[in-house]
Amino acid sequence: MIKIYKLLGLLLFGLMGCVGQNEVFIDFTHPEIQYSGRIATPKNKAAELHWSGTSVKVQFEGTSIQALLQDSLGDNYYNILIDNALVAIIRPDSIKKYYDLASNMSAGKHTLEIFKRTEWSKGKTYFYGFKINSGGKIIPKKRDNQKKMEFYGNSITAGYAIEDLSGGDSPDSTYTNNYLSYAAITARNYGAAYQCICKSGIGITISWDPLIMPEIYNRLDPTDAASLWDFKNYQPDVVVVNLFQNDSWLVKLPDHVEFKRRFGNKAPDDAYLINAYQEFIAKLRKQYPNAHIINALGSMDAVKEGSKWRVYIETAVTNLKDHKMYTHFMPYIPASAHPSIQDHEEMAESLIQFIDKSIDW
C-alpha cells in the first residue's frame, strides 16, 4: 500500500521535446493500443479520457516509454503500471507535453497501463500517443475472448477518498483512486475488461448535484448531453449497479435545492422510488439483452439490515421477472467516512463470492 504522502512524491515532471531520430512515436490511433472505458476521439486528434477507471494499455519491447498528454484542468491523477506493478503516479498539466512513464527498464517485453484514478468532474485528459526508445516496438495485443464487466455507481464505486488514511474523507482528488475500488478489484479478479460509469453524489431519482444517473448513463462525454455512447461498442457479460445510497439521504432533505427541483414540497413515496429504479434497470436491459445484471447495494448505511432501500431494489427486480437479474447486498460497514481500502477489499470479496456462486459466465 502506498500512502498519500508517498504518492505525491512520485509525481513526475513533464518532459518537453520532439521525437528524435532514434525514438519511435506510436500515435493514439495505433491498432495495438488497448483502450478501456468510453473513449472519445473528436476530429480524430486525440483520445479523450473522461470516466473513472478509463485506461490506455500497450505491450512493447523497449527500455523506456513516454506519453504525450494534455489535461483540460490539471486536476486528474493517473496510475502508471509497468508489468501490472504501480511504478508512479502522474498529474498531467494543461500544457501538452511528454511524460516519462518508465526508463532504464530491462530489455525485453513489457506491459504499460495508464489508469485514470479520478472522476470526470476533474476534467478530461487528451492522450496523443507513446514515444519509445530506439529499437523499441509495439507488440500485438492479445486477441482472446476476454470477459467484460461494467459498473454503474456513485462515490463508493469511484473510490472516493479511498486513500485518505486519516479517515477524514477529504475531497482532495489526490485521495481518490478508482483502481483500488471494489469494482476494479472485482474486474481484475476475473481478468475482465472494465468499464465504470460513476459520479460522486449521484442517485437514480435525485443527486447532490443536478444530474442523475438515468440522465448520464448513456453519454460518451459525461459533460455533454449530445455526446451519446454507442452501446454496441461494448457488450458486458456482467453489469453491476450500486446506486440508491445518495437517494436515501436526499429524500429526507426537503430544503435541499435538488429536492425542491425534483420533488417540489413532497417526498417521493415507495411506489415512485421502486418504479424509478425499475425503469433505469429496464433501460440497461434494453441496451444489454444478454448480460447478467447484478443490482447491488453497499457498503454504507442504505444497506443496513432492515433498510427499506434493500426492499425497493428487491421489489423492482422481482417486478422485472428477468432470470438474468440478481440482487446482492454487500456487507454494511459502519464508518464515519467513505469506504477505506480495506472496506473495498471486503466488498470485492463479497461480490466475487456472489458471482462465483450465482453466475455461469
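Student: Which helix holds Q245?
Tutor: Look at residues 245-250, where Q245 is found. Note that the model is predicted. The helix formed by residues 245-250 is α5.

Student: Is Q245 buried or exposed?
Tutor: Buried means under 20% relative accessible area. Q245 has 7% relative accessibility, so Q245 counts as buried.

Student: Which backbone nitrogen does the side chain of Q245 reach?
Tutor: Set aside neighbours within four places in sequence, and Q245 is in contact with residues including N154, I156 and L297. M300, D301 and A302 are also among its contacts. At 3.1 Å, the Q245 side chain reaches the backbone nitrogen of A302.

Student: How many disulfides does the whole structure have?
Tutor: A disulfide is a covalent bond between the sulfur atoms of two cysteines. Here, a disulfide needs two cysteine sulfur atoms within 2.5 Å. The sulfur of C196 is 3.5 Å from its closest cysteine sulfur, in C198, so that pair is too far apart for a bond. The search of the whole structure gives a count of zero.

Student: Which residue follows α3 and has a positive phi?
Tutor: Helix α3 spans residues 182-189. Y182, A183, A184, T186 and A187 are buried there. Those buried residues pack against β14, α2, β15, β16 and α9. After α3 comes a residue with phi near 60 degrees, G191.

Student: With which side chain does the side chain of E48 make a polar contact?
Tutor: E48 sits in strand β5, residues 47-49. At 6% relative accessibility, E48 counts as buried. Beyond four places in sequence, E48 is in contact with R38, I39, A40, P42, K124, T125 and Y126. Its polar contact, at 3.1 Å, is with the side chain of H50.

Student: Is W208 buried or partly exposed?
Tutor: W208 lies in the loop between β15 and α4. W208 has 34% relative accessibility, so W208 counts as partly exposed.

Note on methods
Residues are numbered from 1 along each chain as its sequence is written. This is a predicted model: local features need pLDDT of at least 70, side-chain atom pairs count only at pLDDT 80 or more; totals for chains, interfaces and linings use all residues. Side-chain values use heavy atoms; hydrogens and water are left out. Helices (H or I, at least four residues) and strands (E, at least two) are DSSP runs, numbered from the N terminus. Buried means under 20% relative accessible area, exposed over 50%, partly exposed in between (1.4 Å probe, protein chains only). A polar contact is a pair of N or O atoms within 3.5 Å; within protein, one must be able to donate a hydrogen and the other to accept it, and residues adjacent in sequence count only if both atoms are side-chain atoms. Contact means heavy atoms within 4.5 Å.
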